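I opened this notebook to keep a record of what I looked up in the structure, one topic at a time. My plan was to begin with the whole chain and then to turn to single places in it.

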Amino acid sequence: MDVDDIDDFMVWATDDKVSQYCTWSTYTSKEQAMDFMTNIVAPHPWLRAICLKNRAIGSISVTPFKGNDACRGELGYVLVSKYWGKGIVTRAVKMVVSMIFIEWPHLERLEALVDIENVGSQRVLEKAGFHREGVLRKYIIQKGSIRDMAIFSLLSSEVTQRQS
Ligand SMILES: CC(C)(COP(=O)(O)OP(=O)(O)OC[C@H]1O[C@@H](n2cnc3c(N)ncnc32)[C@H](O)[C@@H]1OP(=O)(O)O)[C@@H](O)C(=O)NCCC(=O)NCCS
């Protein structure tokens, strides 16, 4: 994804339904989007657009941890609400899983934290083969409310086993 995708990005970034369970607040201006493109997207080591007919309809990312946590990466994704429920993000997650452990051989674990009420996102991870490890109680403050988060993971060794 890059700055050329800014108009497509605005479609989901300005939608309250999309931001509801995310740490970011709904965007209200193109300047905010430009700031995100410049400061987060451009330097990000692994953030891709989910495309339909050459237009971005969402994004998916793996954010690496540093230092003693460098064996882990955090998965994140978002999709324009009009395309929800068609299996698109599940397919995108499976694609990421099939390549990220090859591209980043040092990665042992891919993880995702999901708001306990974000049932669709938890279902995506289950369908993509992630393990639900438990619930981190009162874990983060999201839009002024303290949230319980479900934690999911998939290990490199589990993907290798599946592919062999
Ligand atoms: C969560 C999100 C990524 C899912 O993308 P998607 O392409 O619609 O997901 P899929 O179609 O691959 O799978 C969704 C699954 O959740 C199920 N689902 C969705 N909402 C549900 C709900 N409220 N209750 C029960 N199941 C639900 C769907 O039925 C489907 O499961 P199924 O195939 O067994 O029927 C999308 O809704 C989104 O972008 N949400 C906003 C951003 C977000 O929450 N990102 C994740 C932050 S952790």
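**Entry 1: the whole protein.** I began with burial, and I found that 24% of the 164 residues of the protein count as buried. I note here that I am working with a predicted model, and that every value below is computed from it. I then looked up the elements, and I found six helices and six strands in the protein. Reading from the N terminus, I wrote down their order as α-α-α-β-β-β-α-β-α-β-β-α. The radius of gyration came out at 16 Å, close to the 15 Å that the globule rule gives for 164 residues, so I can call the protein as compact as a globular protein of that length. Along the principal axes, I noted that the C-alpha trace spans about 45 × 35 × 35 Å. I also looked at contacts between residues at least 6 apart in sequence, and 52% of these join residues at least 24 apart.

**Entry 2: two helices that pack.** I reminded myself that two packed helices are described by the angle between their axes and the distance between the axes. At what angle do helix H1 and helix H3 pack? For H1, which covers residues 6-13, and H3, which covers residues 30-41, I found an angle of about 110 degrees, with the axes 10 Å apart. Angles of 65 to 115 degrees count as roughly perpendicular, and H1 and H3 are therefore roughly perpendicular to each other. I recorded the crossing of H1 and H3 as right-handed. On the H1 side the contact is made by Ile-6, Phe-9, Met-10 and Ala-13, and on the H3 side by Lys-30, Ala-33, Met-34 and Met-37. Sorted by class, this contact of H1 with H3 has seven nonpolar residues, no polar ones and one charged residue.

**Entry 3: positive phi.** Most residues other than glycine have a negative phi, so I looked up residues that depart from this. Lys-53 is not a glycine, and yet I found a positive phi of about 50 degrees for it. Lys-53 has its place in the loop between strand S1 (47-52) and strand S2 (55-64). Is Lys-53 buried or exposed? I counted Lys-53 as exposed, because 5 other C-beta atoms lie within 10 Å, and a residue with 12 or fewer is exposed. Lys-138, which is not a glycine either, has a positive phi of about 45 degrees. Lys-138 has its place in strand S5, and with 10 C-beta neighbours inside 10 Å it counts as exposed.

**Entry 4: Ile-140.** I stayed with strand S5, residues 131-142, where Ile-140 lies. Ile-140 has 13 C-beta neighbours inside 10 Å and so counts as partly exposed. Setting aside neighbours within four places in sequence, I found Ile-140 in contact with Arg-147 and Met-149. I also checked Thr-23, which is 117 residues from Ile-140 in sequence and 9.1 Å from it in space, C-alpha to C-alpha.

**Entry 5: Ala-128.** I found Ala-128 in the loop between helix H5 (119-127) and S5. Although it sits in a loop, Ala-128 counts as buried, because it has 21 C-beta neighbours inside 10 Å. Which residues is Ala-128 in contact with, leaving aside its neighbours within four places in sequence? I listed Thr-90, Val-93, Lys-94 and Val-97. Last, I looked up Thr-28, which is 100 residues from Ala-128 in sequence and 33 Å from it in space, C-alpha to C-alpha.

Technical notes: Residues are numbered from 1 along each chain as its sequence is written. This is a predicted model: local features need pLDDT of at least 70, side-chain atom pairs count only at pLDDT 80 or more; totals for chains, interfaces and linings use all residues. Axes are lines fitted to C-alpha atoms, for helices over the stretch in contact, and angles run from 0 to 180 degrees between N-to-C directions. Helices (H or I, at least four residues) and strands (E, at least two) are DSSP runs, numbered from the N terminus. Angles under 35 degrees count as roughly parallel, over 145 as roughly antiparallel, 65 to 115 as roughly perpendicular and the rest as oblique. A crossing is left-handed if the near helix is turned anticlockwise from the far one by less than a right angle, and right-handed if clockwise. Two residues are in contact if their C-beta atoms, placed from the backbone, lie within 7 Å. Ala, Val, Leu, Ile, Met, Phe, Trp, Tyr, Cys and Pro count as nonpolar, Asp, Glu, Lys and Arg as charged, and the others, Gly among them, as polar. The radius of gyration is taken over C-alpha atoms; the globule rule is 2.2 Å times the number of residues to the power 0.38. A residue is buried if 20 or more other C-beta atoms lie within 10 Å of its own, exposed if 12 or fewer, and partly exposed in between; C-beta atoms are placed from the backbone.
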